Amino acid sequence: MTEEKETPEESPVASDEEMVKVHAELHREKPPPTMGFLHAPLVFVFLFGCLVFFCSIQLANSTNKFQLHPPEDLVKLSPEEKAALKLERKAESGKKIFAIRCASCHQLNGQGLPNMFPPLAGSEWATSDPGLITKIILNGLKGKIEVKGETWGLVPAQNMIPVPISDREIANVTTYVRQAWGNSASEITEQQVSDFRAESSGQTEQWTGEQLRALYPSGISDK
Amino acid sequence: MKDTAEQVIDRSAKTVVSFFVASAGLWLLAAALLAYVAAAKLTDPFFLSSCEFLTYGKVKVAQANAFVYGWGGNSIFAATLWILARLSQVEVRGRVMLLFSGVLWNLAISFGLLGILDGHMNAHEMLEMPTVVWPVLFISYAIIAFLALVIHRSRKHNDTIAPQWFILASLIWFPALFLIAWNGLEINPARGTLPSVLSLWFGQSLIWLWLTPMALGAAYYIIPTILGRAIDKYYLAIFGFWCIAALAPWSVVHHLEGGPVPMWIPAIGTVMSIAMIFPIAVASTNFHATAFKDIDKVWNNLPLRFVIFGTISYTLSSYIGVIFSLPDVAKLTQFSIINEFHFNQRVYGFFSMIIFGVVYHMLPHITGKEISKGAKSFHFWTSAFGVLILLLAYLIGGLTHGVLAQQPSLDWSSSVISSVQPYFKITKYAFIILGFSQLVFVINVWKVIFPNPFACCLASSSERKGKTA
């Protein structure tokens with residue numbers, strides 16, 4: 001490979017001027033037809049047809065009708081993903097309701113106010129039985145209660161009045177409270193709330209701590 | 001003895017073309033050095049790790065920019081001016097302006113690269129140089145392009161031929177691409193997915209509509225000139241030209257396959273890539289049907305051998321590109337180092353090889369001095385060897401990378417990275433070979449362009465010796 005014939009690299013046979021002329025001439029004249037001239041174009045037309053066919057199929061299959069968004073089955077969620085998304089949205093809605101209805105006493109961080117309103121973060125009243133927190137929201141609460149080792153509700157000003165919101169809103173806000181600030185209790189559904197509403201239809205006054213303790217003996221530890 | 005018209009043209013082009021070729025050579029070396037640093041960092045993360053301005057992300061980008069704008073830009077100017085002047089049979093005029101714009105272009109790129117290394121990078125593909133640099137680059141390009149168009153406008157014959165179409169197209173398409181991308185990214189920034197699509201489109205189109213037509217035009221000029229015969233099946237060339245013009249800007253978006261863009265964008269890209277088979281086949285037929293009629297001469301004539309290596313590489317790489325644009329294949333290779341294969345195949349295997357041939361053909365005409373055949377031959381074999389090793393490593397490594405990355409059960413660092421790493425080592429050595437070969441090229445070129453400063457001393461001393469003897 002290293003031994004190559006020395007050939008002059010200079011002197012192109014045609015000058016540039018000639019080259020322009022020759023090619024311009026070639027461009028004007030069609031090449032003379034040969035014996036097989038019919039076949040080659042036919043083969044090309046056939047190949048080109050195949051290509052157009054293939055490309056059309058490709059376009060039709062993969063463009064999703066030129067929509068901006070990908071097709072359903074590509075973005076469809078599995079049942080678990082759907083449930084997780086639903087829970088997330090529920091908690092988001094609950095957070096808004098909490099900010100409007102509850103945070104004025106219990107505070108946005110769920111810690112309550114010392115000597116005034118009991119905390120929800122880490123409170124058994126909020127996180128034990130779904131019925132407990134739901135019924136308190138439905139009918140309110142009065143009198144003394146024990147939360148996290150302290151006694152609350154010493155004066156009537158600290159009583160809780162019923163919160164007039166729909167079953168769905170109660171389900172959202174209780175779910176939020178039960179899963180925020182380190183709480184990790186179960187979700188509460190709209191159906192459960194409406195059941196509890198039916199159960200407590202006989203209760204016309206606010207609940208007292210003793211009543212609820214009797215209803216849910218396992219929910220509140222005795223201290 | 002009266003000079004022929006061609007000698008007059010060559011003399012008029014001498015200063016300007018020499019300037020562009022010489023600076024292109026320097027950029028080539030700079031790019032080779034940066035390429036080595038980037039490749040070495042992939043195998044040894046502690047290599048130069050104490051230099052903040054030489055982190056991988058910066059070096060890699062600086063290398064691509066030095067290569068495309070420094071080496072590509074300068075060599076495109078040189079080849080464009082000379083080939084257009086030769087084909088139009090007109091002298092190169094406005095030489096002072098050309099030199100001035102050339103200096104401006106090179107200064108702007110230098111500042112741009114320093115800006116990249118200093119951390120002032122733009123986030124758009126192949127537009128990474130800092131924003132302030134671009135108006136200067138654009139103005140200097142516009143001046144050079146305008147003077148090249150003046151040469152073409154005052155041509156002796158009204159007819160134009162294939163090399164002129166391709167070279168003029170590349171001359172005009174670059175500013176057009178730049179203005180579209182710059183408008184959509186910087187002047188009136190688009191929102192949503194459009195900027196990322198535009199950025200990719202510019203980076204890829206730059207290679208398809210600026211470097212590629214230039215190299216094709218040069219091949220259309222060099223092959224018939226050296227062989228002394230007309231292009232075979234020349235009537236197809238016009239079809240190939242318009243196919244590239246119409247399809248290439250559409251086909252590049254197939255690189256977005258699987259990306260967060262509307263699905264029709266990569267789908268159209270795939271379809272248009274497949275249709276690119278036609279222009280590729282046309283160019284390949286034109287070049288190779290002509291060249292293989294006189295294969296001995298192709299083999300023995302080094303400039304032509306470089307050019308034919310480039311055209312074969314063009315044909316192969318483009319067909320491989322078509323295969324990799326198919327969605328089923330792209331699924332495997334999309335997020336692997338296969339992209340490096342595409343880039344290097346285009347700019348080293350195709351564009352650079354043809355430009356080497358053009359320079360070796362052009363310089364003896366312009367300067368009247370020969371480059372030694374052994375040096376050229378050495379350059380050819382090291383280049384060809386280096387390019388082959390580099391591309392094979394990227395191709396096989398890319399396929400390995402893509403296939404392994406598809407299996408989520410594999411541990412990433414212990415199995416995927418460790419099986420790709422040997423290929424990175426190979427590319428490091430390939431870049432060393434290529435850098436060495438490019439050094440030989442630059443020495444060849446500079447020796448011819450700049451007369452040996454010691455030549456006069458040697459001559460005078462030998463004269464003195466002769467006198468004393």
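Q: How far is the sulfur of A:Cys102 from the closest cysteine sulfur?
A: The closest cysteine sulfur belongs to A:Cys105. A disulfide takes a pair of cysteine sulfur atoms within 2.5 Å. This pair is too far apart for a bond because the gap is 8.9 Å.

Q: Which pLDDT do side-chain atom pairs need in order to count?
A: Residues are numbered from 1 along each chain as its sequence is written, with chains lettered from A and ligands numbered from 1 in the order in which they are written. Side-chain values use heavy atoms, with hydrogens and water left out; since this is a predicted model, totals for chains, interfaces and linings use all residues, local features need pLDDT of at least 70, and side-chain atom pairs need pLDDT 80 or more.

Q: Is A:Cys102 buried or exposed?
A: The cut-offs are under 20% relative accessible area for buried, over 50% for exposed and partly exposed in between (1.4 Å probe, protein chains only). A:Cys102 comes in at 17%, so it's buried.

Q: Which side chain makes a polar contact with that of B:Ser313?
A: B:Ser313 lies in helix 11 (residues 302-325) of chain B; helices are DSSP runs (H or I, at least four residues), numbered from the N terminus. A polar contact is a pair of N or O atoms within 3.5 Å; within protein, one must be able to donate a hydrogen and the other to accept it, and residues adjacent in sequence count only if both atoms are side-chain atoms. At 3.2 Å, the partner is B:Gln345.

Q: Which residues pair up in the salt bridge between chain B and chain A?
A: A salt bridge puts a side-chain nitrogen of Lys or Arg within 4 Å of a carboxyl oxygen of Asp or Glu. The count between the two chains is one. At 2.6 Å, N to O, the pair is B:Arg86 and A:Asp16.

Q: Which helix of chain B gives the most to the side that touches chain A?
A: Elements giving two or more residues to that side include helix 2 (56-88), helix 11 and helix 14 (373-405). With seven residues, the top giver is helix 8.
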